[in-house]
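Please look at the aromatic rings and the surface of this protein. A short report follows the structure.

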Amino acid sequence: MQNDFWCGVKANPTMQGFKAKFRVAALVIISIWIGLAALYGLVKPISNGCIMTYMYPTYIPISSPENVSSVKYGLYLYHEGWKKIDFNEHLKKLSGVPVLFIPGNGGSYKQVRSLAAESDRAYQGGPLERTFYQEASLTLEEGGANLDMAGYLLPNQYSHMLDWFAVDLEGEHSAMDGRILEEHTEYVVYAIHRVSLLSFCAKYLK
């Protein structure tokens, strides 16, 4: 026989049904709230700490003598800026430190633009804030040294700019063929001598 009494009070079936419905409604509301909170955590905008890089590339072709065996390859000088320039006059006024960019397997010489544009911007604007070098270094827990930037003297302006050259290797996959890699090596050696000669003539034979 079912006992309808608890502590001397008769149980109310209507009240028990209401409590059961209340529990279900509360569980549904909590589940919906948790789901919406998780969804918001996935779709909410994240603050972007990066700075957009804008580039205005100009690739100045460097002529090659007829005795160069790998005529299908090319050598270019990168110039940052949207204004039209005279290529020959620009080559005569080179005064920076020459840097040669060599693309990797299947790469393009135009990949130099990011490095060249940022180095040009750094030369024009000077070094970054002192705190940047502190934040970019490894911490002691990561195996880094105790870097005290107070002891470093950062110049207001870099003394030399970088003249970025890049070799065009036709996007060939040198990692797949030893013969292609050998051809690339020969042309890069030529490019190094060509860049050195251009920089020497621009600086000392004016």
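The model is predicted: local features need pLDDT of at least 70, side-chain atom pairs count only at pLDDT 80 or more, and totals for chains, interfaces and linings use all residues. Residues are numbered from 1 along each chain as its sequence is written, and side-chain values use heavy atoms, with hydrogens and water left out.

**Aromatic pairs**

A pair of aromatic rings is described by the distance of the centres and the angle of the planes. Rings of Phe, Tyr and Trp (its six-membered ring) pair if their centres lie within 6.5 Å; planes under 30 degrees apart are stacked, over 60 edge-to-face, and the rest tilted. The structure holds five such pairs. Two of them are listed here.

| Pair | Centre distance | Plane angle | Type |
|---|---|---|---|
| Tyr73 and Tyr187 | 5.6 Å | 65° | edge-to-face |
| Tyr187 and Tyr190 | 5.4 Å | 50° | tilted |

The pair of Tyr73 and Tyr187 links distant parts of the chain, 114 residues apart. Tyr73 sits in the loop between β3 (57-62) and β4 (74-80), and Tyr187 in helix α5 (residues 178-204). Helices (H or I, at least four residues) and strands (E, at least two) are DSSP runs, numbered from the N terminus.

Tyr73 has a relative accessible area of 5%, so Tyr73 is buried (under 20%; exposed is over 50%, partly exposed in between; 1.4 Å probe, protein chains only). Tyr187 is buried too, at 1%. Tyr190 lies three residues from Tyr187 in helix α5, about one turn of the helix.

Elsewhere, Tyr59, Tyr76, Tyr78 and Tyr109 form one aromatic cluster.

**Surface**

Val24 lies in helix α1 (residues 13-43). Val24 is exposed, with a relative accessible area of 51%.
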